[in-house]
Amino acid sequence: MVSYAYPPPNLSPAASAATSSFLRTIILFLIAGAAVASREFAVVRFESIIHEFDPWFNFRATKVLTKEGFYEFWNWFDPTAWYPLGRVVGGTLYPGLMVTAGLIWKALQTINIPVDIREVCVQLAPAFSGLTAFATYLFAKEVGKEGSREGTGLWAALFIGIAPGYISRSVAGSYDNEAIAIFILMMTFYLWIRAVKQGSALWGGVTALFYFYMVAAWGGYAFITNMLPLHVFVLILMGRYSSRLYVAYSSFYAIGTLASMQVPFVGFLPLLTSEHMSSLGVFGLLQIVAFVSLVQSHVPPKQFKVLLNAFIAFGLTVAVAGLLFMTKSGKIAPWTGRFYSLWDTGYARIHLPLVSSVSEHQPTAWPSFFFDLQMLIYLFPAGVYMCFRELRDEHVFVIIYAVLASYFAGVMVRLMLTLTPVVCVSAAVAISSIYETYLDPVEPTRITPIDESTLEAPAAPVPGATPSKKSKKVADSPPAAVSSAPRRSKSGSSSKKYVPGIFGLDTRLAPVLTFTSLLLIFVLHCTWVTSTAYSSPSVVLASRNQDGSQAIIDDFREAYYWLRQNTKEDAKVMSWWDYGYQIAGFADRTTLVDNNTWNNTHIAMVGKTMSVREEVAYPILRKHDVDYVLVIFGGLLGFSGDDLNKFLWMVRISEGIWPEEVNEQKFFTSRGEYKVDGDATETMKNSLMYKMSYYRFAELYGGGPATDRVRQQTIPNVSPTLDTLDEAFTSENWIVRIYEVKKEDILGRDHKAANAFKDGKRKKRTKVPKKVKRSVTA
């Protein structure tokens, strides 16, 4: 008789199924609601505003799409970016994000909901986070154990909905490609697993369509491009080739590759770059394996072995020779520097300082894993281990995903985003198994001991029947292995045997309450991290007053609004590339460089201008028609993200192009220190960046020691002088400083002499040496 630790609900199978379906639907909606609500802290605490840097370009492009139409957007050339070069925007961006927001806005307008496009862009990431939770539910349900698939899916949806690792790129206002990319990623993976299970060309085609959506939305589509063929390749090595695998991948690759080539920014890259060769190679390998399987079914084994060896030798020779020829001839582009930087973390610092200067491209610190994933980080390996125990085809996919994503997240902090989904799925596998085990009310069944002499002999086989593998093993096993009855102990009493399980209610409550408490702490941690670390827009800063009230620091918008209202519409503004998109989005002014970073030489030119002496920088400014120079300075308020902290990257990037004019070592003291105080080197003090940052800074302290609160150094009381620039605007907290570039002097004087004359300092006359008369001798 079955015994229970607690009485289970007494429901019929139909009622149980209906109740489960209803609760599952309600839970999914609640998870989606929690995912959306947890991303609204920025709107509640500040306002509905676009965050960060790249989202401002995306917002600007979306406005072009909605106002001027798709054709103008597709063929948009922006003369105000990368002056004087301009930018062919339609052919250098991933349009998926803008098209998605534009379609949603158009749909709302169609049903007479008058919403501004800015609100659609602000709320797009939270809305898609709910869809991501649903996509993750579907994927995890395919991965979960038989009998607990629904639980695994719901846990995974909950984790991805509130995990800080995903929220960091999907809060309200974070209108970036990642806002929709993770939903597409998980949906593509789910459809791929379904395609492999069903062996259906339809599922493979739908997977290809979502892959096309991914290619149009995010440059990280290369992760899918290499993940799926790697999964196929590993399955082939494991001897799991089947017609289902062939149909799924062939339909996906053919449709997906043709569709991805329709994105102008991608074009023929799937056929010409090394990053895409793995998918092409596995597609070819799959055709060979299918052909070999066909030949094997029609050729005797001995002849087949000879043909197989010859075919493998010939195929490898042709493949290697073709790859080498295509690479040497330039038909296949070599690996890019960004790809090399994923395998060698020091490569970018030496060869690509521009890539290495981006904070998102730095290696991930260990505390970041716990900060963004909390308790999931130790449930993650447990879930991967459980996948190893079953090792179905979908489990092989999860294991590959876990290994690759863990490595890439370790070498680049930005790729923590791609690790978070597989961590959530693996953790869901582990936590659902724990709750399934301890919430099962059925107690272990006690087997009544019987004497060995009463054991019945195995039944005689039926004549003419084919024995099963299991019966063969039983028949061939020794008597000790046949009998599962308990043995008698030495004292003569029989030992008792139980089916494995949990006895009693208390032994169930202890682990259930423990893990429930840990999960509640996880929810609190996610809420705290989201509200404090990931919900502050970069253009609006916040601090605390002495009484604990919040103080809003709005220097960025103050400065950008000043530019918009007080400068000509065709004014050119030079700044470091970090602020290009914001200047174009907020102030609507022409910039020399921006966050697209497509031209390293142009960026190096800006870095050189900031690094050299003022009299050397002035001709560069005039050559590029620069009207204003904008710098970020945090020394007064303690804002650490200012340009002086980025200055060494400007030096390194410009040194890579002009090593004879810019030398990083000259900006360090003889003891190798980066100083801005009285011990700073002459090269540092004479650089344009130093002068613009500390111009009139000492005046704020009334003759006292002027302390830079970021670098904790005392600045000399004598303020730097500027001859070719005039201070045009300084924000309230001195974070943003804007200087106007002077025109050439109308009298042809250099600006230093003109300023001296203006200040009443006449140029001293130099005595002309008298000519010595030579005596003429007769």
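The legends below accompany close-up views of a predicted model.

**Figure 1. Overview of the chain and of the confidence of the prediction.** The predicted chain holds 33 helices and 13 strands, and of its 778 residues 48% count as buried. Among contacts with a separation of 6 or more, 72% are between residues 24 or more positions apart. The mean pLDDT of the chain is 86, with 87% of the residues at 70 or more. Among the elements of the chain, strand β9 (residues 628-632) has the highest mean pLDDT, at 97, whereas helix α24 (residues 479-482) has the lowest, at 40. In the stretch of residues 451-494 the pLDDT is below 50, and this stretch has 21 contacts in the model beyond near neighbours in sequence.

**Figure 2. Packing of helix α19 against helix α22.** Helix α19, which spans residues 366-373, packs on helix α22, residues 416-439, at an angle of about 50°, and the two axes are 11 Å apart. That angle makes α19 oblique to α22, and the crossing of the two helices is right-handed. From α19 the contact draws on S368, F369, D372 and L373, and from α22 on M416, L419, T420 and V423. Sorted by class, the residues of this contact are 5 nonpolar, 2 polar and 1 charged.

**Figure 3. Packing of helix α21 against helix α22.** Helix α21 (residues 393-411) and α22 cross at roughly 140°, and their axes come within 8 Å of each other. Because angles over 145 degrees would be needed for the roughly antiparallel class, α21 and α22 are oblique to each other. The crossing in which α21 passes α22 is left-handed. On the α21 side the view shows V398, Y401, A402, A405, S406 and A409, which meet M416, T418, L419, P421, V422 and S426 of α22. This contact of α21 with α22 comprises 9 nonpolar and 3 polar residues, with no charged residues. M416 and L419 of α22 take part here, and M416 and L419 also belong to the contact with α19.

Figure 4. S543 lies in strand β5, which covers residues 541-544, and with a relative accessible area of 32% S543 is partly exposed. When its neighbours within four places in sequence are left aside, S543 is in contact with S549, Q550, A551 and I553.

**Figure 5. The cis peptide bond between Y83 and P84.** The peptide bond that leads from Y83 to P84 is cis in the model, with omega near 0°. P84 is placed in the loop between β1 (77-78) and β2 (87-88).

**Figure 6. Positive phi values at Q374 and D588.** Q374 is not a glycine, yet its phi is positive, at about 50°; this residue sits in the loop between α19 and α20 (376-390). D588, also a residue other than glycine, has a positive phi near 55°, and its place is in the loop between α27 (580-587) and β8 (590-591). The relative accessible area of D588 is 42%, so that D588 counts as partly exposed.

Terms used: Residues are numbered from 1 along each chain as its sequence is written. This is a predicted model: local features need pLDDT of at least 70, side-chain atom pairs count only at pLDDT 80 or more; totals for chains, interfaces and linings use all residues. Side-chain values use heavy atoms; hydrogens and water are left out. Axes are lines fitted to C-alpha atoms, for helices over the stretch in contact, and angles run from 0 to 180 degrees between N-to-C directions. Helices (H or I, at least four residues) and strands (E, at least two) are DSSP runs, numbered from the N terminus. Angles under 35 degrees count as roughly parallel, over 145 as roughly antiparallel, 65 to 115 as roughly perpendicular and the rest as oblique. A crossing is left-handed if the near helix is turned anticlockwise from the far one by less than a right angle, and right-handed if clockwise. Contact means heavy atoms within 4.5 Å. Ala, Val, Leu, Ile, Met, Phe, Trp, Tyr, Cys and Pro count as nonpolar, Asp, Glu, Lys and Arg as charged, and the others, Gly among them, as polar. pLDDT is the predictor's confidence in each residue, from 0 to 100. Buried means under 20% relative accessible area, exposed over 50%, partly exposed in between (1.4 Å probe, protein chains only).
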